[in-house]
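Good morning, and thank you for making time for this presentation.

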Amino acid sequence: MPHARTRNPSPIPEVTWDTGLKEMNETWKGAIACLGVAVFFVMTIGIIYWQVVDQPNKNWILKGGFSGLIWERRAHSLLIQTLSEDKTFVEIDVGNVATPDMEVPFVRNLCWLNKTEFCYTWDSVAEVKISLEIADESETECYSMTWTPVHCHVELKDCFSMENVSWYGGASVHAPIWPLNDVDVPMQPFRVSDLRDNPSGFGSVLERYFLGSSGVAVLVAPHIPLHVGVQSRQQFCLQTAPGMERLPLQYTVCVGQNIKTVHQEAVQQLSVPFRELPNMNVLRLPFWKLPANVDSGVKVERELRTFSNRLRRHHLGEGVISLDEHSTSLLSNMDHDYLNGKRRMLKRQTRDLPFVKLLNISVTLSPYLSVDSPEFQTSMQDGTQDYWLSLPSGPQARLVPLLTQWREKYCVKLNITNPEAITWFLEKVGNLHSRLGMEYIILEGGEGNPFEEQALRPPAALTGDEYIGLLAGLAERIGDNVIVSAGARSSHKPLFIRMSALQSDWSYAGLKGIIPSLLHYSLLGYNFFIPDAVGGTLSSELVTDDELFIRWLGIMAFLPVLSFQTPPWASGDDKVINFTRICIAKHQDFVVPLIEKYAEEWQASGNPIYRPLWWVSPEDPATFTVDDEFLIGDEVLVAPVTEKGALQRDIYLPNSDFQWQDTNNAKVFDGGTLLQSYPAGLGEVPVFIRKTS
């Protein structure tokens, strides 16, 4: 019998739990779904907020003893700051990471096991590896950076901000300015060019080195193709072009306590440890450019005789009479041994040969040869066309000399990688010396790369400015009497270098550019230079402005070599000739001993001979932009007048711990002082000597 269930006496109907749950799900289904969606949105907003707002903008990448490297994701830039963040050494805009409106993620170190390295890859852009290098007993910390493109279409570009930093170094330019913050140069290959032909390019001295007033130095790897551009008062940029080779952008950033400290450390990397002094006799005599526009060697000899007599007549002492390449060619092609028996030489020729050898002359040579010359025609006939830079042509890859231009003529250029061509050139120099007995040789024409200028692929040994270094090596083989016209990674060699030509005016392309140029050359290690002639040589015309001549000569008296194109007697004014005699004597008696003294210091330490004011006051911002004063060593300050018509000028005396004495009136002033409207009449150059206790 089935069990009878007891009836529930309660009036509330009986409902099972299962039925209630179903009824509740039906009731609350929409509410629960809405709640889930709300939670999802809240979590999403939270994540976005963390990534965009709450996530720190700065990410410390590496930390050294006193400095650290920071990634600033919103600005797409790297910053090197002190660990206390109270000083920024440099800000680097990393242009290859992303477009300006793109949000860059929070970077994570893929080399996290190594505390001195940082590695990261931006998808489809580039890989970066940064190494922190701290040498023992060094006062600097260096960050070595290597960007490598992920594919061949990536253009690597890093820009260094000029905000609160004065920058120096790099390359000379048409109108040199110190510091380079006010320079404007379009992005272009970073190689030496002839500023006469390419005034918007880079000039005769170039190093892959930039120095900042905040205590930062940038050294770029030497053998990678590099483009550089400068945007006035904004930034300068390093760039590599995209290509199948996927070439990296490599540079090292070193920071230190101040600009002097970091430069003294960086210069050891910039140059080889052993620096050689050039022939110091070059300092002792002024150079006089022979103003000869003639068409024969006989006429060149006549001009030499006349010019030498005029130097003696005006009591200007001995000097080196400088022949340009055209006059050198005319003189060297004179057949002084005119068939020596088949015909008698003219009496004038037999008399002039010993006369030329008795003179102090300099000749000018270049690695160029005109295609119209007999020597070139002979080389094409006897199969020595590989003496010239050439390209293979035709099915048999026959070498065809590369045509280029030099001094408005079509020429070929010496293949400096060919030992036989070098031997031929050295024999040419030897024959010239036996004929003329010249004192010095000016070897110009290293500037430019004919391959790259014509969008041709150069041999590996001749990329960029490699030709300049090889030409400097050739100059060394000729002897210690060679003066070159371009320098790149050759400041350690025992050579004088000739400065770029300047305009005959008062602008930065003229007289105002002299001091920025000498500071630039010296900072890069080229202390032994021959400045452009008094009054400038960009034009072949003689200087007719006596004030410009005198002010220019007043500066030149304190430089390594006095050089003239306009002779002082051209003005017809005795005061110009007298002032020239005074400057020649001052240079020989006062300046040359100073240069010889500090040349030994340069050889031992790399410290420049000619120094900016910040050298003795490296943490004084007032010294960072002074471009019309300079120091010789730490003891002599020169403050010439560079404004037309001025008879006074403001002079800043650096370092509050120093005292400076005016050599003209013996007055003594404290360092850290601005002398306003200090008198400097025409023919006067304010010079101060540091007083020692």
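Let me open with a question: which residue in S11 is the bridge partner of Trp167? The answer is Gly212. Please keep in mind throughout that this is a predicted model.

That pair belongs to the contact between strand S9, residues 167-171, and strand S11, residues 206-212, which run antiparallel and are joined by four bridges. Strand S9 is largely enclosed by the rest of the structure, because five of its five residues are buried.

Let me now step back to the protein as a whole. It has 693 residues, and 52% of them count as buried. Its secondary structure comes to twelve helices and 36 strands. If we take contacts between residues at least 6 apart in sequence, 65% of them join residues at least 24 apart.

I turn next to a sheet. Eight strands form an open sheet with antiparallel pairing, in the order S1-S2-S3-S4-S8-S14-S13-S10. Its edge strands are S1, residues 58-63, and S10, each of which pairs on one side only. From one strand to the next, the twist averages 20 degrees. Within this sheet, S4 pairs with strand S8, residues 156-161, in the antiparallel sense over three bridges. There, Asp93 stands opposite Cys159 in S8. As a general point, side chains in a regular strand alternate between the two faces of the sheet.

Strand S31, residues 636-638, runs antiparallel to S36 and is joined to it by three bridges. Strand S33, residues 659-662, also runs antiparallel to S36, again with three bridges. Which residue in S36 does Leu637 stand opposite? It is Phe688, and Asp662 likewise stands opposite Phe688.

Now to a pair of helices. Two packed helices are described by the angle between their axes and the distance between the axes. The axes of helix H7, residues 419-436, and helix H9, residues 466-478, come within 11 Å and cross at roughly 45 degrees. That angle makes H7 oblique to H9. The crossing of H7 and H9 is right-handed. On the H7 side, the contact is made by Ile422, Phe425, Leu426 and Val429, and on the H9 side by Leu474, Arg477 and Ile478. By class, this contact has six nonpolar residues, no polar ones and one charged residue.

Finally, I would draw attention to some backbone details. Most residues other than glycine have a negative phi, and most peptide bonds are trans. Pro179 is placed in the loop between S9 and strand S10, residues 185-189.

For Glu85, phi is near 60 degrees. Glu85 is in the loop between strand S3, residues 77-82, and strand S4, residues 88-94. Its relative accessibility is 40%, so Glu85 counts as partly exposed. For Ala455, phi is about 55 degrees. Ala455 lies in the loop between helix H8, residues 450-453, and H9. Is Ala455 buried or exposed? At 72% relative accessibility, Ala455 counts as exposed, because the cut-off for that class is over 50%.

Thank you for your attention.

Conventions:
Residues are numbered from 1 along each chain as its sequence is written. This is a predicted model: local features need pLDDT of at least 70, side-chain atom pairs count only at pLDDT 80 or more; totals for chains, interfaces and linings use all residues. Side-chain values use heavy atoms; hydrogens and water are left out. Axes are lines fitted to C-alpha atoms, for helices over the stretch in contact, and angles run from 0 to 180 degrees between N-to-C directions. Helices (H or I, at least four residues) and strands (E, at least two) are DSSP runs, numbered from the N terminus. Angles under 35 degrees count as roughly parallel, over 145 as roughly antiparallel, 65 to 115 as roughly perpendicular and the rest as oblique. A crossing is left-handed if the near helix is turned anticlockwise from the far one by less than a right angle, and right-handed if clockwise. Contact means heavy atoms within 4.5 Å. Ala, Val, Leu, Ile, Met, Phe, Trp, Tyr, Cys and Pro count as nonpolar, Asp, Glu, Lys and Arg as charged, and the others, Gly among them, as polar. Buried means under 20% relative accessible area, exposed over 50%, partly exposed in between (1.4 Å probe, protein chains only). Two strands pair if DSSP finds at least two bridges between them.
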